[in-house]
Amino acid sequence: MRLIDSDGERALDQVQLYLSPDEARWLVAELGKLIVDPEAAEHFHLISEDGGGELSCSVVTPGKLAAGRYTSGERRAFGGWKPRG
């Protein structure tokens, strides 16, 4: 797992995520969709019920990294990370 700032330039060490029950259900459902085809160039954004926060999620695979599917800033934030399947 890599957590990066909203500019996609810097890796973060830690975040705290507080979700309502509806937001948690939506997050789980959307993650389930991504894992069906991890190589697809899909991602999603979870926007808080009050619009005060946003979470962007993508499943990163070695193939997607090799294909250059992420911005140069995101790849720098990933560093030497090699996701396992």
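**Salt bridges and a core**

Tutor: Start with the charged pairs: this model, which is predicted, holds three salt bridges.

Student: How far apart are the closest N and O atoms of Arg25 and Asp22?

Tutor: In the salt bridge of Arg25 with Asp22 they are 2.6 Å apart. The two residues lie three apart in helix H1, so about one helical turn separates them. Arg25 counts as exposed at 54% relative accessibility, and Asp22 as partly exposed at 49%.

Student: Which residue forms a salt bridge with Glu30?

Tutor: Lys33 does, with the closest N and O atoms 2.8 Å apart. Glu30 and Lys33 are also three residues apart in helix H1, which means a separation of about one helical turn.

Student: Is Glu30 buried or exposed?

Tutor: Glu30 is buried, with a relative accessible area of 14%. Lys33 is exposed, at 55%.

Student: What is the distance between the closest N and O atoms of Arg10 and Asp5?

Tutor: For that salt bridge it is 4.0 Å. Asp5 is buried because its relative accessible area, 16%, falls under the 20% cut-off.

Student: Now the nonpolar residues. Which ones make up the largest nonpolar core?

Tutor: The general idea is that in soluble globular proteins nonpolar side chains tend to be buried together. Here the largest nonpolar core has six residues: Leu27, Leu34, Phe44, Leu46, Cys57 and Val59. Helix H1 (21–36) and strand S3 (43–47) are the elements that each give two or more residues to this core.

Student: What does Val59 touch, leaving out residues up to four places away in sequence?

Tutor: Val59 touches Leu34, Pro38, Lys64 and Tyr70.

How values were computed: Residues are numbered from 1 along each chain as its sequence is written. This is a predicted model: local features need pLDDT of at least 70, side-chain atom pairs count only at pLDDT 80 or more; totals for chains, interfaces and linings use all residues. Side-chain values use heavy atoms; hydrogens and water are left out. A nonpolar core is a set of buried Ala, Val, Leu, Ile, Met, Phe, Trp, Tyr and Cys residues joined through side-chain atoms within 4.5 Å. Buried means under 20% relative accessible area, exposed over 50%, partly exposed in between (1.4 Å probe, protein chains only). Helices (H or I, at least four residues) and strands (E, at least two) are DSSP runs, numbered from the N terminus. Contact means heavy atoms within 4.5 Å. A salt bridge is a side-chain nitrogen of Lys or Arg within 4 Å of a carboxyl oxygen of Asp or Glu.
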